[in-house]
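Okay, everyone, thanks for coming. Let me put the structure up on the screen, and then I'll walk you through a few spots in it.

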Amino acid sequence: LYALAKARGLAFIDAPVSGGQAGAVNGALTVMCGGDAAPFDAIQPVTMALAKAVTRVGPSGAGQLAKMVNQICVTGVVQGLAEAIAFGQKAGLDMKLVLDVIGKGAAQSWQMDNRGTTMIDDKFEFGFAVDWMRKDLGLVLDEARRNGAQLPVTALVDQFYADVQAMGGRRWDTSSLIKRLK
C-alpha cells in the first residue's frame, strides 16, 4: 500500500493499535506507526484525539511489526496469568486476594489489572476476540518463518487459542485461555 500510495503522490502510514475496545471507547489507544516522517508529523496531532500515544517506530511496515511484538508479549502474559490463576484456584487460594497482593509487585501487568478478576469470574466478553488474536498470531508466525525468529511459546499459545475456538470461544476475549485449564 505504501508503494501504491507513493506512486500516486500520496502518503501512507501503517498505524495498528493496542488498547482494545476499552481503549477505543475511552480515546486511550496506543498507535504504532510506520511511514515517512513528514506525513506522520501531519497525522499525529489528529490521531491523538483517539489515543494516549501515537509513535512513529520506523519506516513503512514498522508499525505492523511493532504490533506483532505487542501480540507476542500479550500472548505470553495472558497464558502465564491463566496458568497462575488456575494453579492458585486448585491450591484453594482466594485468587482475588492473591492477585491484589502480587499485583503490587513484579507480577503486575495490564492483563492482571484488567482481566485477572474477570478470568476468576469466568467472564470473557471484553476486548480483543480470540479469532482476532489467531489472525494476528498467524501474521506473527508467518513473519517469524520469513525472518528466522524462533517463537516457541507464541506458537504453542496459538494452538491453545485454537483449542478455545474449538470450545466455542471464537468471540471470547483473549483472557479465555483459562477455560482450557478448568
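So, helix 7 and helix 8: how are they oriented to each other? This is a predicted model, and in it helix 7, residues 130-147, packs against helix 8, residues 152-166, at an angle of about 150°. Anything over 145 degrees counts as roughly antiparallel, so that's what we call these two helices. Their axes are 10 Å apart, and helix 7 passes helix 8 in a left-handed crossing.

Okay, over to the strands. Strand 2 is residues 29-34, strand 3 is residues 51-58, and they run parallel, joined by 6 bridges.

Last stop, methionine 95, which sits in helix 5, residues 95-102. Is methionine 95 buried or exposed? Its relative accessible area is 5%, and the cut-off for buried is under 20%, so methionine 95 is buried. Leaving out residues up to four places away in sequence, methionine 95 touches Ala84, Ile85, Gly88, Gln89 and Ile120. Leucine 4, on the other hand, is 91 residues apart from methionine 95 along the chain, and their C-alpha atoms are separated by 52 Å.

Notes: Residues are numbered from 1 along each chain as its sequence is written. This is a predicted model: local features need pLDDT of at least 70, side-chain atom pairs count only at pLDDT 80 or more; totals for chains, interfaces and linings use all residues. Side-chain values use heavy atoms; hydrogens and water are left out. Helices (H or I, at least four residues) and strands (E, at least two) are DSSP runs, numbered from the N terminus. Buried means under 20% relative accessible area, exposed over 50%, partly exposed in between (1.4 Å probe, protein chains only). Contact means heavy atoms within 4.5 Å. Two strands pair if DSSP finds at least two bridges between them. Axes are lines fitted to C-alpha atoms, for helices over the stretch in contact, and angles run from 0 to 180 degrees between N-to-C directions. Angles under 35 degrees count as roughly parallel, over 145 as roughly antiparallel, 65 to 115 as roughly perpendicular and the rest as oblique. A crossing is left-handed if the near helix is turned anticlockwise from the far one by less than a right angle, and right-handed if clockwise.
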